[in-house]
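My entries follow in the order I made them.

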Amino acid sequence: MDSSVIPAPVLSVLDALKYAGYQGQIVGGCARDLFLGREPKDWDITTDAKPEETLSVFPDSFYENDFGTVGVKVEPFHKEGRPDREHDVIEVTTYRTESGYSDMRRPDQVEFVLSLSEDLSRRDFTMNAIALQVNDPSPSHTDRTIDVIDPFHGQEDINRKIIRTVGNAEQRFGEDALRMMRAIRFSSELGSPATEESGWTIEEPTLAAIGKHSELIAHVSQERIRDELSRIILSERPAEGVELLRSVGLLRYIIPELEEGVGIGQNLHHALTVYEHNLGALRYCPSRVLEVRLAALLHDVGKPRSKRGDGYKSTFYNHDHIGARMTKVILQRLRYPVAVIDRVTLLVDNHLFYYNVGEVTEASVRRLIRRVGLGNMRDLMSVRIADRLGSGVPKAKPYKLRHLEYMIEKVSNDPVSVKMLKINGTDLMNDLKMTPGPKIGAVLDVLLSEVIEDPSRNIRESLLVRAKELFEEDLSSLRDRAKDVIEEKREQDDKGIKNRHKVA
């Protein structure tokens, strides 16, 4: 491995520890990501220095936990950080062992040790139990070598795309039950997009241990479950992740409402069961926004409770509204923020909006926009596309959805309007002392027609001078000509919008 992939601030922290007489290695997820060819989002260093010793090496740092982790402030280097931030943080943690997990989450006892191998043995998965020892530069201070410390063959598992616990899987999951979800999250996150073969698998004994101890997840806080679930939902293979949660028995403790759709047939419009369709919608959701993907997964969660009849004539009246209420309960239980809950619920509640070309008027489109919000229309369209593709329909966006997008743009943006002008009726009355009345509207229309023909005229001072001239004239013929110019411009703009959305 080339040491050039390690940012200078990370190397500086390692050097400072070494020069102070301590060991230090890059460890955990950042080491794993380097082997995967991915840029780490966070950098972690493990050391034999006690927290107070680390603090003495890095005085401008902070230590606010019981696990030996000191946050060392360094110059900004993360590409994804805010450009105006004052510093980034590298976490430096003392070698430690853990014991006694009475709440199946946190260790009852943390003991600092001097052995790196002991520290690596407490970690969750072999791919996360690799340490990188960056050696001193050559006499020319140009090259550094890196030794890989890998007692549990994590590099081999990475090459084989295997997710395997360090040591006994049942013991690892008994220490922290959330690790069961983490295993599934890694299999979803590290895999290729749903259109390709994943290649990543959970080792059989590890997977069997998850199935055997799935009930332990009930001891984990909803907030921690929520965070892992969100990462699964946002992964490359979210539907496969959710199905894996179900197959090992975890989903019943997370979103049992989804399992109500297992084996529930639909009607002549659907060949898939409700559960299969919900997974399909998530799989093919075109958006990478969490709220949209959650809505895609939950959009038909209300169908099992609304089903009437059986076979191809069965109905699911009001399943959108029932599903919206269920969605709110689900997301509240998982402690999602109110803004997320409200947005997902809104999308589920409105995913069945009706639209047929020639039947729906501009007024009804405006009502839909008012109900959903213009900012949510793109997301609602993504849920509708996910719904279609999740049903096995080959065409994601048929003509009528493209036509709806055209109508939305048309009614939400009136590109040809007196609002384009740098002045308005109030300016005419206040600055030019014009008397309120229809003549003000006529003046603005003429000004707009002139600005359409020559946009350089749209300067406030110039418009006020021109308005004063127009106010003294007979505007009837001028206004008629202005209307012709305005209407011609509107037709041109409408044609452009239609071309963008490929509608006639």
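These entries cover helix packing, one leucine and a pocket.

**Entry 1: the model.** I note at the start that this is a predicted model.

**Entry 2: α7 and α10.** I looked up helix α7, residues 178-189, and helix α10, residues 238-247. Their axes come within 8 Å and cross at roughly 150°. Angles over 145 degrees count as roughly antiparallel, and α7 and α10 are therefore roughly antiparallel to each other. I recorded the crossing of α7 past α10 as right-handed.

I then listed who makes the contact. On α7 I found Met181, Ile184, Ser187 and Ser188. On α10 I found Glu240, Gly241, Leu244 and Leu245. Sorted by class, this contact of α7 with α10 holds four nonpolar, three polar and one charged residues.

**Entry 3: Leu244.** I picked Leu244, which lies in helix α10. What does Leu244 touch, not counting residues up to four places away in sequence? I found Ile184, Ser187, Ile202 and Leu207. Ile184 and Ser187 are also among the α7 residues in the contact with α10. I checked one spacing too: Leu244 and Ala296 are 52 residues apart along the chain, and their C-alpha atoms are separated by 18 Å.

**Entry 4: α10 and α13.** I turned to the packing of α10 with helix α13, residues 274-283. The angle is about 145° and the axes are 7 Å apart. From α10, the contact is made by Pro238, Ala239, Glu240, Val242, Glu243 and Arg246. From α13, I wrote down Tyr275, Leu279, Leu282 and Arg283. By class I have six nonpolar, no polar and four charged residues for the contact of α10 with α13. I see that Glu240 is listed here and also in the contact with α7.

**Entry 5: the largest pocket.** I looked up the volume of the largest pocket, which is about 2000 Å³. How many residues line the largest pocket? The lining has 49 residues, and Gly29, Asp44, Arg182, Arg185 and Arg231 lie nearest the centre of the pocket.

Next I asked which elements supply this lining. At least two residues each come from α2 (29-36), β2 (44-47), β5 (88-94), β6 (96-99), α7 and α9 (222-233). Helix α7 gives the most, with six residues.

Note on methods: Residues numbered from 1 in each chain as written. Predicted model: local features only at pLDDT ≥ 70, side-chain atom pairs only at ≥ 80, totals over all residues. Heavy atoms only, no water. Axes fitted to C-alpha atoms, helices over the stretch in contact; angles between N-to-C directions. Helix = DSSP H or I, 4+ residues; strand = E, 2+ residues; numbered from the N terminus. Parallel < 35°, antiparallel > 145°, perpendicular 65-115°, else oblique. Left-handed = near helix turned anticlockwise from the far one by under 90°. Contact = heavy atoms within 4.5 Å. Nonpolar A, V, L, I, M, F, W, Y, C, P; charged D, E, K, R; others polar. 1 Å grid on protein atoms, 1.4 Å probe; cavity = no way out; pocket = protein on both sides within 12 Å on 5 of 7 lines; lining within 4 Å. Points joined across faces, edges and corners; volume = space filled by probe spheres on them.
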